Amino acid sequence: MTDPHAQSPDHWLSQSDIVFSVAEVEQALDRMASVLQEKLSGQPVILLCVMRGGVYLAGQLMHRLQLPARLDYLQANRYHGITGSGIVWTKLPELDLTGQTVVVLDDILDEGITLAEVVHHCQQAGAREVVTAVLTEKDNGLEKPLQADVIGLIVPNRYVFGCGMDVYGWWRNLPEIRALREA
Ligand SMILES: O=P(O)(O)OC[C@H]1O[C@H](OP(=O)(O)OP(=O)(O)O)[C@H](O)[C@@H]1O
Ligand SMILES: Nc1nc2[nH]cnc2c(=O)[nH]1
């Protein structure tokens, strides 16, 4: 079997289907921004981007939110290739979260393990309120350790990429969401 890391980026496009178009993603982003806008009612927040996948949502939401925001990021990875394992933290937030309203931004809630650990970290760091927003949630029928407060789109139980999500490192920049076909 060919090493998936050796495949060309175009291979993954040819082995996948569009599940949400650019227009559908844009609509979801608009919806997410207005839900967050109402929920946060203009208060100052720290937008906390979960790198790397959260970068697309963070970039797309920032300019849609009309409130005083500071930006920070963390890196906590559990997927190597397309399968999950234990979380490895490589970067903690730098801002002091004590007493702050923190809006955690990530690309996907799959098993929910990453988001649960990030929320726990923010609470331990003294955040006053932690609001979670994910661009996608995977419809995988699993009992998840938490639900996100704001969800953009429900994706099928397949490996998805685009809009921050990678396939073997590629295509986080795709403005649509695609799902790999079964091998
Ligand atoms: O709900 P879970 O099953 O925990 O999975 C979701 C996490 O998986 C991805 O991160 P990944 O570890 O692949 O790092 P990345 O953001 O750099 O792609 C994604 O960005 C989420 O943070
Ligand atoms: N890119 C990507 N990352 C994930 N992390 C957890 N599930 C997924 C997925 O389906 N796609």
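**Note on the predicted model: backbone, sheet and ligand shells**

1. With 16 C-beta neighbours inside 10 Å, Tyr168 falls in the partly exposed class. Its phi is near 50°, a positive value in a residue other than glycine. Tyr168 sits in the loop between β8 and β9. This is a predicted model, and the torsions and counts in this note should be read as properties of that model.

2. Ser41 also has a positive phi, of about 35°, although it is not a glycine. Its place is the loop that links α2 (22-40) to β2. Ser41 is exposed, because 7 other C-beta atoms lie within 10 Å and the class takes in residues with 12 or fewer.

3. A cis peptide bond runs from Met51 to Arg52, with omega near 0°. Arg52 belongs to the loop between β2 (45-51) and α3 (55-62).

4. The strands β1, β9 and β8 make up an open sheet of three, in the order β1-β9-β8, with antiparallel pairing. The edges are β1 (16-20) and β8 (160-161), each of which pairs on one side only. In general, the strands of a sheet pair through backbone hydrogen bonds.

5. How many bridges join β8 to β9? There are two, and the strands run antiparallel, β9 being residues 177-180. Across this pairing, Val160 stands opposite Ala179 of β9.

6. Around ligand 1 there are 18 residues, of which Gly53, Tyr79, Asp110, Glu111 and Thr114 come nearest. Three elements each supply at least two residues of this shell: β3 (69-80), β5 (101-109) and α4 (113-124). The most comes from β5, which gives four residues. By class, the shell of ligand 1 holds six nonpolar, five polar and seven charged residues.

7. Which residues surround ligand 2? They are Tyr79, Ile108, Asp110, Tyr159, Val160, Phe161, Met165 and Asp166. This shell divides into six nonpolar and two charged residues, with no polar ones.

Methods: Residues are numbered from 1 along each chain as its sequence is written. Chains are lettered from A and ligands numbered from 1 in the order in which they are written. This is a predicted model: local features need pLDDT of at least 70, side-chain atom pairs count only at pLDDT 80 or more; totals for chains, interfaces and linings use all residues. Two strands pair if DSSP finds at least two bridges between them. A residue is near a molecule or strand if its C-beta atom, placed from the backbone, lies within 6 Å of it. Ala, Val, Leu, Ile, Met, Phe, Trp, Tyr, Cys and Pro count as nonpolar, Asp, Glu, Lys and Arg as charged, and the others, Gly among them, as polar. A residue is buried if 20 or more other C-beta atoms lie within 10 Å of its own, exposed if 12 or fewer, and partly exposed in between; C-beta atoms are placed from the backbone.
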